[in-house]
Amino acid sequence: MLTMTKNEELKLVLEIMSKYDLPVSPILEFAIRNKMDNYSGDDVIIPEDSSKESDSDLIQSSKVSPIERTFQHSNVLLEEKTETEYRTRVSDPARKNRKKTILRVTRPDGSIIEDSKATETLAMTIQEIGVEKVRNLNLSLDGMNLILIGENTLYPSQQYYLGDGYYLNTHSSTERKKYHLEKMFKELGIEWKVEIVSSER
C-alpha cells in the first residue's frame, strides 16, 4: 500500500479521466494542472512497508499515462530551452530557405481577413466569429481547449490574449491553424474559405 502525495492524487485523477474518456471541462483540467504545479515540491512516494512491496509493484506504481508523459516532456523542453536558444533554432539556415506562409480568410462577399502573421489572422477571425462561441466547440490543441480561460502555463510564450480573460493557444503550425479554422466554419455553418498563401508579394 502506497501513501500518495497530493500531486500523485491529481495525476491519478487526470489518468482516470483520460482512460475512460470522460467529458471534462477545460477549466477543471486547467485548475488541476495549476494545482499540480503548486504541489510539485511534494516528497516522493514512500512505501508504508517496503518489505511487502515487490519490484514489479514498484515498477507498476511508477507508470505514467500517455497524457501525463506528454505534458512532462513538454515542461522539460521548456525548462531546457531559453528564449535565445529558441530563436536560434528557428533562425537556422534550413528554415531561412523556406517560404514564409500566412493565412487568408475569405468571406462570401469577397472581403478578406489577412495579416502578416498566421496567428493574427486566426485571432482576428475568432474574435469576429465570437470567442465564447468558438470556445464552446471544444477544439483541442496540446490536450486542452484551443481557447483557455487564464494563461497557458504549458506554452506561456505561445498564446494570444483575446480579451475578457480568454487566451488563444498559438502553439501550432500554419497548417494546423488552417485546420482549426476549417473546423470552426464547418461546425458553425459559416461559409468562409481559408487558404495558406505566400507572404511574399
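# Reading a predicted fold, feature by feature

Guide: Let's begin with charges: the structure holds 3 salt bridges. Keep in mind that this is a predicted model.

Visitor: What lets side chains pair like that?

Guide: Side chains of opposite charge can pair when their charged atoms come close. Here, E114 forms a salt bridge with R104, and their closest N and O atoms are 2.6 Å apart. E114 sits in strand β2 (residues 112–114) and R104 in strand β1 (residues 101–106), so the pair ties together parts that are 10 residues apart in sequence.

Visitor: Which residue forms a salt bridge with R107?

Guide: That's E128, with the closest N and O atoms 2.8 Å apart. This pair links distant parts of the chain: R107 is in the loop between β1 and β2, while E128 is in helix α7, 21 residues apart. R107 is buried because its relative accessible area is 18%, whereas E128 is partly exposed at 42%.

Visitor: And where do E182 and K178 lie?

Guide: Both are in helix α9 (residues 174–188), 4 residues apart, which is about one turn of the helix. With a relative accessible area of 35%, E182 is partly exposed.

Visitor: On to strands. How do I read a sheet? In what order do the 3 strands of the open sheet come?

Guide: Look for strands joined by bridges; two strands pair if there are at least two bridges between them. In this open sheet the order is β5-β7-β6, and the pairing is antiparallel. β5 (147–149) and β6 stand at the edges with a single partner strand each, so one side of each has no neighbour in the sheet. On average, neighbouring strands here are turned by 35° against each other, ignoring direction.

Visitor: How many bridges join β5 to β7?

Guide: There are 3, and those two strands run antiparallel. One example is L148, whose bridge partner in β7 is Y167. On the other pairing, 4 bridges join β6 (residues 159–163) to β7 (residues 166–169), again antiparallel. There, Q159 has N169 as its bridge partner in β7.

Visitor: What happens in the hairpin of β6 and β7?

Guide: The hairpin has 2 residues between the strands, and D164 takes a positive phi near 55°. Helix α7 (residues 118–129) lies across β5, β6 and β7, running at about 25° to β6.

Visitor: Let's zoom in on one residue. Is Y167 buried or exposed?

Guide: Y167, in strand β7, counts as buried because its relative accessibility is 17%. Setting aside residues up to four places away in sequence, Y167 touches several others, including L146, I147, G150, E151 and Y161.

Visitor: Last stop, the surface. Which residues make the nonpolar surface patch?

Guide: M4, L12, I16 and Y20 make that patch, which covers about 370 Å². Y20 lies in the loop between α1 (6–19) and α2 (26–38). Its relative accessibility is 54%, so Y20 counts as exposed.

Conventions
Residues are numbered from 1 along each chain as its sequence is written. This is a predicted model: local features need pLDDT of at least 70, side-chain atom pairs count only at pLDDT 80 or more; totals for chains, interfaces and linings use all residues. Side-chain values use heavy atoms; hydrogens and water are left out. Patches are made of residues with over 30% relative accessible area and no salt bridge: like charges are joined within 9 Å, nonpolar side chains (Val, Leu, Ile, Met, Phe, Trp, Tyr) within 5 Å. Accessible areas come from the Shrake-Rupley method with a 1.4 Å probe; for residues, only the protein chains shown count as cover. A salt bridge is a side-chain nitrogen of Lys or Arg within 4 Å of a carboxyl oxygen of Asp or Glu. Buried means under 20% relative accessible area, exposed over 50%, partly exposed in between (1.4 Å probe, protein chains only). Contact means heavy atoms within 4.5 Å. Axes are lines fitted to C-alpha atoms, for helices over the stretch in contact, and angles run from 0 to 180 degrees between N-to-C directions.
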